[in-house]
Amino acid sequence: MTDVLTLFGTYIAIIITLAVYSYIIKETDLFRFAEYSFLATSIGWAILLGLDTINNVGVSAISKGRYDYIIPIILGLLLFTRFSGKLWYLARYPVAFILGVGLGVFMRGQIHAMFLQQIAATVITPVTVDSLIILVGVLSVLVFFYFTREHKGALGYVSTLGRYFLMVGFGATFGNTVLYRINLAVGRIIFILRALGLLP
Amino acid sequence: MTSEIFKRKELVFALIAFLGLWLFLDYSVVEPGVQSVTADILKWATLLGGFMLIYGGLEALRYHSKVVYKKQRNWYWSAYFVAIVLVYVFSGLIQGSKGMIPQWLFNNMLDPASATMYSILAFYIISALYRTLRLRSIELAILSLVTIIVVAANDPIITIYVPQLTAVRDWFISVPNVGANRGFVIGAAIGAIFLGVRVFLGRERSLVR
Amino acid sequence: MGWAKKMGEISSKWIYILLAILLVIPLLVPIPLPLTPSHYTMEVYETIESLKPGDNVLFVIDTGTSGWPALGPGVIALVEHLFRKDGVKVFFVEFESTSPPLVDRAVAAAPSASKKKYGEDWIHLGFVAGEETGKASFAADIRKVISVDYKYGKPIDEYPIMKNVKNMNDFKLIVEPTNAITWMEQAIRQWYTPYHVPIISIPPFLDVPWAENYYRAGQLKAYLAGTSGLAEYEKLLGMYGDATRGLAVMTTTHTYAIILFVIGNISYFLSRRKKEVK
């Protein structure tokens, strides 16, 4: 029975893979089947994960005597007041809690890691041609994103240089995107060929 | 009267600002009491993250159920959607998320669909490379040439005959690209810091509907 | 010169069909290609080689099912390498929601996994919700966000491996393959910056330019770059995996991309010259 289910599952997986690729030719009901299967299973999986999280984090804490964890559970339940016509405003509070915590956590990391450490890495470095090019790149890109004044004269030239540096960055990203997307396709094709017994 | 108080956005902004500042300042405070409270706040937020996952799922279910109920366009696909979600969730509740049915649905529907959706872009990327990368202006020329150097350096056969390409690609990625990238990251960090300050001061009204 | 214009207007249908053929043929007819590990690959390899018995490694699989086809071979190679190190303990955790079942997949594909005992040499802690907040919470106190393991649902304190592990300070190394640069940035903000635990990553290849920035800034210890990086790593371990298998496809498809680029630009310039002459 398990073998039959496994085999059936493999065929469904192959059909879904080919159904998604069929979109390249035309959007058909086959693609819609794959699309809705993806959406439905993602939602189902997300709901199960959410329930597991509540059980493992909240319910287990309460069962160990931490009754203060009833507060976040009540806050979480308030989220669902969004479905009600009269009490929808209560759903703002759990969202505000997550926003506030997320913002604080993000900000403390952002200042140190993405601002100070990045500046330090640019400035506190042995002076070489490469490090000078990096410094010029950083400054010119920052000028490019400075929109308070019009980019005229010297500011305009520096901003244009920043744009050229950004084009190098985008070019490198685009070139690597070709590699990545093709690799993803290779992974799926390996799966199909393996399922059909054409690859070990 | 109480409901009028809770309807006020100022209370919401105050909560966001208080929690944001607490977490932000906790970084520099080594007082064990404060850090213990912070650890609990973080845990509460993780727990709320679980509720968010469920809320998002229920919102999608609600939308598609309405489509089925009102027999709107493509309602049969919405019916299929609702059926699969309910099968997934109920089988998961009975068997656990690692049960046979949830795992079968994950391995044979979610995984292949999700993986293939991202890989389909391979075809569009090649088409975009062919149709849009033209040496039309200085900017496009820089973009196109760097792209082609990176693509060529990622091609094993070309790098056998032109091994210097790898060094050229690596130089582009580790010098001018790092300059651009770092400027981008620092600029985005400045923007994020100012946005955070606006939120702490309660001046960012767009956060709450 | 109508043919010049036509050169730039090849139907998408033919472009896709030829690409599909170039994707499949090299997989069916393997082309062996020489591989010399780059310094990026060697740095990852030597970092793991330098681990000593008793060191704890946090393995964060954030590739998700969407990134697994490209990054999976690298994940399997890293898991295999870690399992070859005697006495090194591996802790699996995920912050991306579709990643939890991928741990079983990675461990099942690693040949050295059979010599390792669950609960003593490795453990699967499971999914933590909340993304960056979850990472911060996990780093501060693991037991605040994880009470049971993912594999068996037993309290984590019942496993010997968890005995002296409380928070991020107890880890020697973080390995984080990801399907988006944002996951790596979160790890840098919430783990590397406050706790200074070094991070090795497999970034999605399109984010290698971003990863290079963090690597140059010292915020990322090392990373595996691209298919060749993953294939080089397999070679260092003596494995023939999907990364090596897929390398030949890079040859055909990338050469195809370059030819299309050249054809498109020749067509553009010839058509433009004709317009100017008119």
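**Exercise 1.** Which side chain of chain B does R163(A) meet in a salt bridge? Work out what the pair connects and how covered each partner is.

*Solution.* Keep in mind that this is a predicted model.

Step 1: the partner is E139(B), with N and O 2.8 Å apart. A salt bridge here needs a side-chain nitrogen of Lys or Arg within 4 Å of a carboxyl oxygen of Asp or Glu, so the pair passes.

Step 2: check the cover. R163(A) is partly exposed at 28% relative accessibility, while E139(B), at 18%, is buried. The cut-off for buried is under 20%.

**Exercise 2.** Take the salt bridge between E204(B) and R198(B). Is E204(B) buried or exposed?

*Solution.* Step 1: in this pair, N and O lie 2.8 Å apart.

Step 1: E204(B) has a relative accessibility of 14%, so the label is buried. R198(B), at 37%, comes out as partly exposed.

**Exercise 3.** Which residue forms a salt bridge with E132(C)? Say what that pair ties together.

*Solution.* Step 1: look for the closest N and O atoms; they are 2.7 Å apart and belong to R189(C) and E132(C).

Step 1: find the elements. E132(C) is in helix α6 (residues 132-140) and R189(C) in helix α8 (residues 181-195), both of chain C, so the bridge ties together parts 57 residues apart in sequence.

Step 2: check the cover again. E132(C) and R189(C) are both buried.

**Exercise 4.** How many residues of chain B are in contact with chain A? Describe that interface, charges included.

*Solution.* Step 1: count the contacts. On the chain B side there are 115 residues, facing 110 of chain A.

Step 1: get the area. The two chains bury about 10500 Å² between them, with 80% of it on carbon and sulfur atoms. Of the area chain B buries against chain A, W44(B), F51(B) and W77(B) supply 7%, more than any other three residues.

Step 2: R66(A) and D40(B) form a salt bridge with closest N and O atoms 3.0 Å apart. R66(A) and D40(B) also belong to a salt-bridge network with D68(A) and K144(C).

**Exercise 5.** How many residues of chain C are in contact with chain A? Go through this interface the way you did the last one.

*Solution.* Step 1: 50 residues of chain C touch 45 of chain A.

Step 1: the buried area is about 3800 Å², and carbon and sulfur atoms give 68% of it. L27(C), R189(C) and L206(C) supply 15% of what chain C buries against chain A, more than any other three residues.

Step 2: one salt bridge crosses between chain C and chain A. D242(C) and R194(A) meet in a salt bridge, with N and O 2.7 Å apart.

Key. Residues numbered from 1 in each chain as written. Chains lettered and ligands numbered in written order. Predicted model: local features only at pLDDT ≥ 70, side-chain atom pairs only at ≥ 80, totals over all residues. Heavy atoms only, no water. Buried < 20%, exposed > 50% of the residue type's maximum accessible area, 1.4 Å probe, protein only. Helix = DSSP H or I, 4+ residues; strand = E, 2+ residues; numbered from the N terminus. Contact = heavy atoms within 4.5 Å. Buried area = accessible area lost by both parts, 1.4 Å probe.
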